[in-house]
Amino acid sequence: MIIITEQRMKKYLVVGAGFAGAVVAERLAARGNCKVLVVDERPHIGGNCHSERDAATGVMVHTYGPHIFNTDIQKVWDYICQFCEMMPFTNRVKTIYEGKVYSMPINLHTINQFYGKALSPAEAREFIESISDKDIIEPRNFEEQAIKFIGPDLYKAFFYGYTKKQWGLEPRELPASILKRLPVRFNYNDNYYMHPYQGIPKEGYTAIFEKMLDSPNIEVKVDTKFDDHFDTTSFDHVFYTGPIDEFFGYKYGPLGYRTVYFERYEADGDFQGNAVINYADVTVPYTRIHEHKHFAPWEEHEKTVYMKEFSKETTEDDVPYYPIRLDKDMKRLEKYQKEVKRLNYFTFLGRLATYKYMDMDHVIAEALEVVENFE
């Protein structure tokens, strides 16, 4: 007689309903023979990518700031397009400095307009080379990194004030690695991104998460905080996407983050004529204004919603956005990472759990890889 033993259904806990958590939950549920519980302390799914249609104007609003999906990873693009109709969108950012509007990132138009010239691409390369600081061999900080390649004038105009407001520090106090590559183009291409795949989901980002988490094998609980009182003993594995320092009760001290907050306005017509305009002057308290109707040019709205974006240091009540990653932070992170290695049935992933700045596509790529390698 052959006895067939039914395989026990696995139970997984996913902490966080942003892209990292949602991708893990969707991929695990697609395997079958498991139940996945997704919890998030916020009252909604989608994390910082959450979007919602404004009741008064009908405009689709990116609640936590603009999110333009862009990637050079074919696998990620194909994956995300399963859950939405991705509409083509080119992010053409403008910057206001001393009362004049410039194109960003720095391109041939920016250079010619700023210096009052009509340089060709070759002439512009030669000109930028002549004003760059050749005495800086190995940049020690953000400021030296910028001046080494574009000289002091362009640095002061387009990097100094904005960076100081964004990070709350003098740029010379920031590591050079923040400015990984200098975004300077010697043509008139004003597309903010260079990746081949760029777009915004037609029905907003929240609709993507609703489809990803719509499975009989997935249960979602919002307004549910994961803390020391949360019982994890009934789960076979926990995928954690929250702040790594918070998980360990800040035992080695909090990691440094910057956060952003917004002043929201409604108006008739069109406020600024563009999705994003940066404000480079250090005397202007906000870093940029984003007008959300322009993130969906396929829609028409008589009214508009725009937000002034401010940056500040993160407190316990704030949503952490950008890891600062100063030396003291990295030393604390190393201690937390040693603690993580001792946890056998926990996987830490996503920007908060790894304390790395990650674009949406890299978060998705990491989550896909985590599940692919999970047994």
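Which residues of strand E13 (residues 276-279) are buried on one side, and which on the other? Val 276 and Asn 278 are buried on one side, Ile 277 and Tyr 279 on the other, so both faces are covered. Buried means under 20% relative accessible area, exposed over 50% and partly exposed in between, with a 1.4 Å probe and protein chains only. This is a predicted model: local features need pLDDT of at least 70, side-chain atom pairs count only at pLDDT 80 or more, and totals for chains, interfaces and linings use all residues. Residues are numbered from 1 along each chain as its sequence is written, and side-chain values use heavy atoms, with hydrogens and water left out.

**Sheet**

- Strands (E, at least two residues) and helices (H or I, at least four) are DSSP runs, numbered from the N terminus.
- Seven strands form an open sheet with mixed pairing, in the order E8-E7-E13-E14-E15-E12-E16.
- Strand E8 (100-103) and strand E16 (322-323) are at the edges; each has a single partner strand, so one side of each lacks a neighbour in the sheet.
- Two strands pair if DSSP finds at least two bridges between them.
- E13 pairs with strand E7 (residues 94-97) in the parallel sense, over three bridges. Here Ile 96 is opposite Tyr 279.
- E13 also pairs with strand E14 (residues 288-291), in the antiparallel sense and over three bridges. Ile 277 has Ile 289 as its bridge partner.
- Strand E12 (residues 257-268) and E16 are antiparallel over two bridges, with Arg 258 opposite Tyr 322.

**Helices on the sheet**

- Contact means heavy atoms within 4.5 Å. Axes are lines fitted to C-alpha atoms, for helices over the stretch in contact; angles run from 0 to 180 degrees between N-to-C directions.
- Helix H3 (residues 108-115) lies across E7 and E8, at about 150 degrees to E8.
- Helix H5 (residues 142-167) lies across E7, E8, E12, E13, E14, strand E15 (303-313) and E16, at about 95 degrees to E7.

**Cysteines**

- There are zero disulfides, counted as pairs of cysteine sulfur atoms within 2.5 Å.
- The sulfur of Cys 84 is 5.3 Å from the closest cysteine sulfur, in Cys 81, which is too far for a bond.
- Cys 84 is buried at 17% relative accessible area; Cys 34 is buried at 2%.

**Backbone**

- Met 104 and Pro 105 are joined by a cis peptide bond, with omega about -5 degrees. Pro 105 is in the loop between E8 and H3.
- Asn 33, a residue other than glycine, has a positive phi near 55 degrees. Asn 33 is in the loop between helix H1 (19-31) and strand E2 (34-39).
- Arg 325 has a positive phi near 60 degrees and is partly exposed at 32%.
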